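Hello,

Here is the structure I promised to pass on. My notes on it follow below.

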Amino acid sequence: MATTELPPERHAMGVSMKRKEDPRLIQGRGRFLDDIVLPNMLYLALVHSPYPHARIVKIDKTAALASPGVKAVLTGEDLVAAGLGWIPTFHGYDKQMVLAVGKALFQYQEVAGVVATSREAAFDAVELVEVEYEPLEPVVDPFDAMSDTTLVREDRENKTNHIYHWEVGKREETDAALAGAEVHIKERVYFQRCHPAPLETCGSISDMNPATGRLTLYLTSQAPHAHRTVVSLVTGIPEDKIHVISPDIGGGFGNKVPVYPGYVVGTVASVVLGVPVKWVETRTENLTTTGFARDYHMDVEIGATREGQVTALKVKTVADHGAFDAAADPTKYPAGLFGICTGSYDFPIAFTELDAYFTNKAPGGVAYRCSFRVTEASYAIERGMDLLARELAMDPAELRLKNFVKKEQFPYPSPLGFVYDSGDYHMTLQKALDKIGYPELRRLQAEKRARGELMGIGISTFTEVVGAGPSKHFDIMGIKMFDSAEIRIHPTGSGIVRTGTRHQGQGHETTWAQIVAEELGLDPQNILVEEGDTDTAPYGLGTYASRSTPVAGAAIALASRRIREKAKKIAAHLMEAAEDDVEWVDYKFQLKGVPGKVVTMKEIAFAAYTNPVPGSEPGLEATFYYDPPNLTFPYGAYIAVVEIDRDTGETHVKRFLAIDDCGTVINPMIVEGQIHGGLTEGYAIAFMQEIAYDSGGNHLNTNFTDYLVPTALETPKWETDSTCTPSPHHPIGAKGVGESPNVGSPAAFVNAVMDALSPLGVKNIDMPLTREKVWRAIRESKA
Amino acid sequence: MKISVTVNGEAYERDVEPRTLLAYFLRDTLGLTGTHVGCDSSSCGCCVVMLDGEKAVKSCTMFAVMADGHEIATVEGLRQDGKLHPLQQAFWDNHGLQCGYCTPGMMMTSVVLLKNNPAPSEAEIREAISGNLCRCTGYQNIVKSVQQAAAELSAEPAAEPVAS
């Protein structure tokens, strides 16, 4: 058998193969949503409420309808008449107005839609829609919302702003353990409302073809199949008549998971008018109406012995959900995976509870580069451990090493109900301490302190929980959170992989090909990866919550192995040997004990179509729907070193070291890139980004001059390294990585700043740690 | 209004509304969708193009009529003679992009930087691209990419990168 030897670096996982998606993106040949133009396409622009809370007295469309190029003006009442006034929110607990009906519930809420022949004509006419409002008192603070003096949601049966209570763990035992603890800390930390703000905003093109009755929906969607099903359930259009296409996506970070009013209004307009309708958000619409994240007020309590052994953890949270309960969480997890708040530490007992409230603010609660509230939980525990270290006058690294779950304890059942798959937390933190020269840094810090300089060292040793998830526990609106892969190998040994996920920069077109190459010994350059088209891709729940590699990545490996099983039969047929006498060695099938006698996958592929095994099916393809047996638990040890200017309050990040353990790595270059990006978003959250409202409910961060995204100037230089503890239950041992750096880094930054300010007695400042806040804290301190 | 503009070496005459922004003229009128729009407030730099072979401009902050009689270079014009521009190659080699939305603007800003300063320091690169936001990469690999392209371009001084 002739073989074509491919160099091994073209096969294997673990290689920094350059990305296959890049050639089109570096040449301006990507196809993003707004690049798509269809014949006779109309444009939708939305009218927004200037008030955070106001009755809508009257909407006059006359002038707008008379404006040049205007084809339709739609209001909430029109949508109610069409049966689409309200849509279910992500997990189905609540419903959300598409366009305001009766009253507007937050500033910038969508009130009407104008459809016109051009983007400009639509925006011109938006100015001509006359809406008469009667302003009402807004509820801005969730703690004020508790009194129910003003109701945000008069439409609901329960006349209260309280949405739900959620708890997990043992309340009484935890309270008793805390009361009896030798050492006890309690602090309120606030994880501020922020926004993922991908550079490409959200958008849609709805194309209802009246001749076929088929709706083609181009969406900036991280979850195209889920969106197809939701559209079908909400509109009653049969699912086979809906075709969702998610083109190249200019960043998502959780922002492109929910269904937004613009998509719905555009679709109604297309159905009514029989032509395609495009809607593309402005940056202001993106920041003010779609998918905020976080907004958790967390009371963290830890009990410990005098020697620093933790004995109990309690976290009590007040969550601000805005005007609708649109948080993006799996159905059974209204507060997401917040139960990961015991982190990397072996707490004998723990309890956490959360109460969510409506306010007159935009809805959301998306998992912003985060697996369902894991970032909030990690922030709470990592800040808490530092506060405990301070209370004990103990080094924060030493406290962590003393309390880590030990490697021999895995699989580790946590007191709040997870079973951690694998980890070696001591090894990873020790590597970080060694690499950054921790004792030397502490010595330097002591010297600087003696001179009155403010230098701080902050540690965060987080554990994430990702890869949602096992169907027993995880669903979204009833749909189980499996994912899928379909692989077809063509006669000449190239192939195509399709999955239910949709990348937004994560590099699936490369890494998926590498998994197939590893499993089948084919050239990854000739394995095409296609995602985002619901007509061709198998059903899956999409890309968010670091679930692509843990779930779809597993499906790809297992579909490949199905192909390999069939290939083995073909190999035996070609070698005229019994199947048992054939083995997979070094990316080829070999006759047992005869090293020179091999058949390559390329030869097998050709035979599958030209010389199939008599009596068996021709062809070489497989599909696998993967229901993960457990979640995966990537973790890391991060160390930040900062210096603070006493006079200006400015923080300079001098060093930042991230040691990540995401299990098996498919492409180290891509993993490093994910970590760089996530750390930068973590830096942004720690120091710059906040969606704030004034006491009157006015949104204060409506564009990039007020919502601060770091530039190359502020962004620190990142030092990265890794340890590798494979996941024992994942087919290739991978755990997922895209979100770890954003989950783990905010606490490292804040811990570093608080460490720097500790001589002044400053214990906590809530993010973002702006110059002004730090300067005020220094000024108000006793020093 | 009628305007005459040269884009990537090709001359165009088109009628435009006076209020049409250059970014939308390039995208909607000429179909050059490599130039992106990301913020509406001149903050993000996704729309940067090169004006008259010497200036990086945010095309969302310039009216199409202001480009009358001028030469514009966009990302689509970077590849010459079937060969990627050294910046394109460097972004690919160094994982200088993830979602790719900021990439065209980032590269056009860098083209102008390297014209004016063929051997920029890291600080100069960071300063030059500080009007271009990226949400994915953390800039580190973008800086590396620009450094590689700078080395490449100064090794081959004959290669004139962009038709102007």
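Buried residues make up 60% of the 783 residues in chain A. Buried here means that 20 or more other C-beta atoms, placed from the backbone, lie within 10 Å of the residue's own.

A word on the source. This is a predicted model, where local features need pLDDT of at least 70, side-chain atom pairs count only at pLDDT 80 or more, and totals for chains, interfaces and linings use all residues. Residues are numbered from 1 along each chain as its sequence is written, while chains are lettered from A and ligands numbered from 1 in the order in which they are written.

The C-alpha trace spans about 85 × 75 × 50 Å along its principal axes.

Secondary structure: chain A has 19 helices and 33 strands. These are DSSP runs, numbered from the N terminus: helices are H or I with at least four residues, strands E with at least two.

One sheet to look at: S27, S28 and S29 of chain A form an open, antiparallel sheet in that order. Strands pair if DSSP finds at least two bridges between them. S27 (582-585) and S29 (594-599) of chain A are the edge strands, each pairing on one side only. Four bridges join S27(A) to S28(A), residues 588-591. Val582(A) stands opposite Leu591(A) in S28(A).

Best wishes

Definitions and conventions: A residue is buried if 20 or more other C-beta atoms lie within 10 Å of its own, exposed if 12 or fewer, and partly exposed in between; C-beta atoms are placed from the backbone.
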